[in-house]
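Subject: The structure you asked for

Hi there,

Here is the structure to go with your sequence, followed by my notes on what turned up in it. I hope they are handy to have open next to the viewer.

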Amino acid sequence: MTRTQQELDLQYENGSFIPNAQSYADAWEAASAQFREAHAGEYDLAYGDHPRAIYDLIQPDSGPNGLFVFVHGGYWLSRHKDDWTCFGEGALMADWSIAHLGYPLAPDARISEITAHIANGITEAAQRVDGPIVLAGHSAGGHLVARMAMQGVLPAQVTARLSHVLSISPVSDLRPLLNLTMNDTLRLDAAEAAAESPALGRPMPDVPVTVVVGAQERPVFLDQATWLARAWDARHVILPGRHHFDVINDLRDAQSPMLRVALS
C-alpha cells in the first residue's frame, strides 16, 4: 500500500514522539547560555562571508590536548550554534579546545554548500589550535561530520590531524529525503542526495569513525546509523534508553564512554 505524504514525513519526525520534547531544547539553550557566561571564549568568529558562517572557540586553562569540533543538527533547516555550546563541556573538562560551528541553513544554502561551509569552518578553527582534531555532530550535524571523513572534503593538512569522527544519530543516506515535504526547502535532487550521502561512499583510511544512536530513536534513525556503520565498517554504539534528544547528553561528561573513546 502506498504511504501518504504525512506517513512519509512522520518517519523523520522526532519531537512528536518524545514526551515534553520542547523541554529538551529549552534546557539546551539555558545550559549553553550559562556555559558561555562561565567561560571567556572567543565568540562569533567569522570563517566566511555569510552571517551564519561563524564559530566559537573556547580554550582550556592549560595547554590543549587538541581541538574538539561540534556541529549541531536541525535537518539543515533550523537551530543555531548558540543552542548547543554546553555540549562542548566534557571535552573542555578533558583539556581540549572546543569549537562550535554555525552554518547557513536551507533554503539559503543547499546541503552541498553547507558541507563546504563546515569544511571551511573546521579549517579555520584548526589554524588556531595545534594537535589532533576530533569531530562530533548530531543528526544533520552527524551527517556533516561524516562528510568530513570522506576524501577531498577537508584540506590534506587538516585531514592528517583527524583522530576521531563521532557521528551521532546521523542522516547517512539522503535519498529518502527526496520524498519528504522538507525537501521543498532543502531542494535536494537525486544527484546531490547521492553525492552527499556518506553511506554511499567510503571514509578515508586511518580515520576512526564511531556511529552512535539511541535505542529508543525512530526506526529510520536506527536504520540510518546502521547503514553508515555497515558501509564504513565503523564502530556502532546503540545507547540503551536514549532517544534523539538525549542521545548527546554524554558529550557533557568527560568520563563518559562516548567521549573517552573519541578523545583517546
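Let me start with D44, which sits in strand β1 (residues 42–46). Before going further, please keep in mind that this is a predicted model. The phi angle of D44 is near 60 degrees, a positive value in a residue other than glycine. D44 counts as partly exposed because its relative accessibility is 44%. R187 also has a positive phi, of about 65 degrees, although it is not a glycine. You will find R187 in the loop between α7 (183–186) and α8 (190–195), and with a relative accessible area of 35% it is partly exposed.

One more backbone detail: the peptide bond that joins A106 and P107 is cis, with omega at about 10 degrees. P107 belongs to the loop between β4 (97–101) and α4 (111–126).

Now to the charges

How many salt bridges does a search of the whole structure find? The search gives twelve. One of them is between the side chains of D56 and K81, at 2.8 Å from N to O. D56 is in strand β2 (residues 54–58) and K81 is in the loop between β3 (67–71) and α3 (89–93), so this pair ties together parts that are 25 residues apart in sequence. Are these two partners buried or exposed? D56 has 0% relative accessibility and K81 has a relative accessible area of 2%. Buried means under 20%, so both count as buried.

A second pair to click on is R252 and E89, whose closest N and O atoms are 3.1 Å apart in a salt bridge. This pair links distant parts of the chain, with R252 in the loop between β8 and α10 and E89 in helix α3, 163 residues apart. R252 is partly exposed at 34% relative accessibility, and E89 is partly exposed as well, with a relative accessible area of 24%.

What about D246: which side chain of opposite charge is nearest to it? That is R242, 4.8 Å away. A salt bridge needs a nitrogen within 4 Å of a carboxyl oxygen, and D246 has no salt bridge even though it is buried. D246 lies in the loop between β8 (235–239) and α10 (257–263). Leaving aside residues up to four places away in sequence, D246 touches Y24 and G241.

S167 is part of strand β6 (residues 162–168) and counts as buried, because its relative accessibility is 0%. A polar atom of the S167 side chain lies 2.9 Å from the backbone oxygen of G142. Not counting residues up to four places away in sequence, S167 touches G137, G142, H143, V145, A146, T210, V211, V212 and L228.

T159 is in helix α6 (residues 156–159). At 15% relative accessibility T159 counts as buried, and its contacts, again leaving out residues up to four places away in sequence, are L154 and M204. How far is T159 from L228 in space? The two are 20 Å apart, C-alpha to C-alpha, and 69 residues apart in sequence.

And the largest pocket

The largest pocket has a volume of about 320 Å³. Its lining is made up of 17 residues, of which W28, G74, S78, R79 and F245 lie nearest the centre. Which element gives the most to that lining? Helix α2 (residues 21–38) does, with four residues.

That is everything from my side.

Best wishes

Notes:
Residues numbered from 1 in each chain as written. Predicted model: local features only at pLDDT ≥ 70, side-chain atom pairs only at ≥ 80, totals over all residues. Heavy atoms only, no water. Helix = DSSP H or I, 4+ residues; strand = E, 2+ residues; numbered from the N terminus. Buried < 20%, exposed > 50% of the residue type's maximum accessible area, 1.4 Å probe, protein only. Lys, Arg positive; Asp, Glu negative; His and termini not counted. Contact = heavy atoms within 4.5 Å. Polar contact = N/O pair within 3.5 Å; in protein donor to acceptor, adjacent residues only side chain to side chain. 1 Å grid on protein atoms, 1.4 Å probe; cavity = no way out; pocket = protein on both sides within 12 Å on 5 of 7 lines; lining within 4 Å. Points joined across faces, edges and corners; volume = space filled by probe spheres on them.
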